[in-house]
Amino acid sequence: MKLTNQKYLKLIAQVIIIGLALWILAPQVSELVRNRQTISSLSLGWLVAGLAIFLLSNIFAAYVYQYLSPKKLSFKKNVQVQLATGFTNRLLPAGIGGISTNSLFLMRAGYKRPQAVSIALANNLVGFLAFGLVLVASGALLPSSLSSIFSDTSPIYLWATAGVVIVALVVTMLSEKLRELIQKNLLLGISVLKDTLARPLHLILALLSSAGIAFCFVGALYCCLRGAGIVLSPNELMLVFLASAIATSASPTPGGLGAAEVSMMLALDKLSIAGPPALAGVIAFRLITYWLPILPGYLFFRIVGAKRYI
């Protein structure tokens, strides 16, 4: 099958991102292997707590759609679809798999395709706004907090981060179709938010539910780091999660694979937390939030497909 220029760009970008991740993480993984006691010393109780908190994010994700949708949705079906995105979101970058899955669910609920896609895109915009509010409330964006991250940053991490950003920008700028798609989708999402303003209570509840998703991920990160013996203040914790979220959003790899790990290690390094404990905490977090949801997500994907929820 012949690859288009756009597909070549995406493939090259993914290879570069994963290559950068291997370049940064491989030496630390080797050190972690040499210090196997770090992995064995991870607190199982904290990891189980992190997994439980992360699973709650599916409930909050379902509530966002319940409040954004003018039509009443089946909450039970909605939760199952959110669980299915644990698989579909790993297939495509930038959350495209999740948007597609939820759009199909909304179409089954009676929406026409443009309306369904608009609501799914509005969910992403609400998530962006809610995350911003959470960051402001936590104090993570205060100058004092940001300076602790970006002062005296190791050149190797700066080059890796710059590489991720440059690759993402180049792919976007060179692809006219991608630029048009981003603009069109942004306008669709904004149109739904304008309609939701007529139901202010629903918009507020959607924002709170989306903030709940962020808190679930932050809670899971806290548990994973605690399991590795690392304790951070709330604003430090939010900065580490912010690094992961930005890398995940900007990276052309599904779920920010590679980029998220590197960015989290960079943030922890700037907080004077490095070595095997930091890497163990990051691996545990990504295991819980990225790798473990794939199999149950696939099972729910098959279930919701068989029951024609999507």
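Let's start with one cut-off: a residue is buried under 20% relative accessible area, exposed over 50%, and partly exposed in between. Keep that in mind for tyrosine 63, which comes out as partly exposed because its relative accessible area is 33%. One more thing before we go on: this is a predicted model.

Tyrosine 63 has a ring partner, phenylalanine 75, and the two form a tilted aromatic pair, 4.7 Å centre to centre with 35 degrees between the planes.

Another brings phenylalanine 54 up against phenylalanine 217 in an edge-to-face arrangement, with the centres 5.3 Å apart and 85 degrees between the planes. Here the link spans 163 residues, from helix H3 (residues 44-68) to helix H10. Phenylalanine 54 is buried at 7% relative accessibility, while phenylalanine 217 is partly exposed at 22%. Both rings belong to an aromatic cluster made up of Phe54, Phe131, Phe217 and Phe241.

Take leucine 268 as an example: beyond its sequence neighbours within four places, leucine 268 touches Leu225, Leu232, Val240, Ile273, Ala278 and Val282.

Helix H11 also carries serine 244, which counts as buried because its relative accessibility is 4%. Leaving out neighbours within four places in sequence, serine 244 contacts Ala260, Met264 and Phe285.

What about charges? The model has 1 salt bridge, between glutamate 261 and arginine 286, with the closest N and O atoms 2.9 Å apart. Glutamate 261 is in helix H12 and arginine 286 in helix H13, so the pair ties together parts 25 residues apart in sequence. Both of these residues are buried.

Other charged ends sit over rings. Lysine 71 places its charged end over the ring of tyrosine 111, 4.8 Å from the centre, and arginine 90 does likewise over tyrosine 290, at 5.0 Å.

Notes:
Residues numbered from 1 in each chain as written. Predicted model: local features only at pLDDT ≥ 70, side-chain atom pairs only at ≥ 80, totals over all residues. Heavy atoms only, no water. Contact = heavy atoms within 4.5 Å. Helix = DSSP H or I, 4+ residues; strand = E, 2+ residues; numbered from the N terminus. Buried < 20%, exposed > 50% of the residue type's maximum accessible area, 1.4 Å probe, protein only. Salt bridge = Lys/Arg side-chain N within 4 Å of Asp/Glu carboxyl O. Phe/Tyr/Trp six-rings, centres within 6.5 Å; stacked < 30°, edge-to-face > 60°. Lys NZ or Arg CZ within 6 Å of the ring centre and 35° of its normal.
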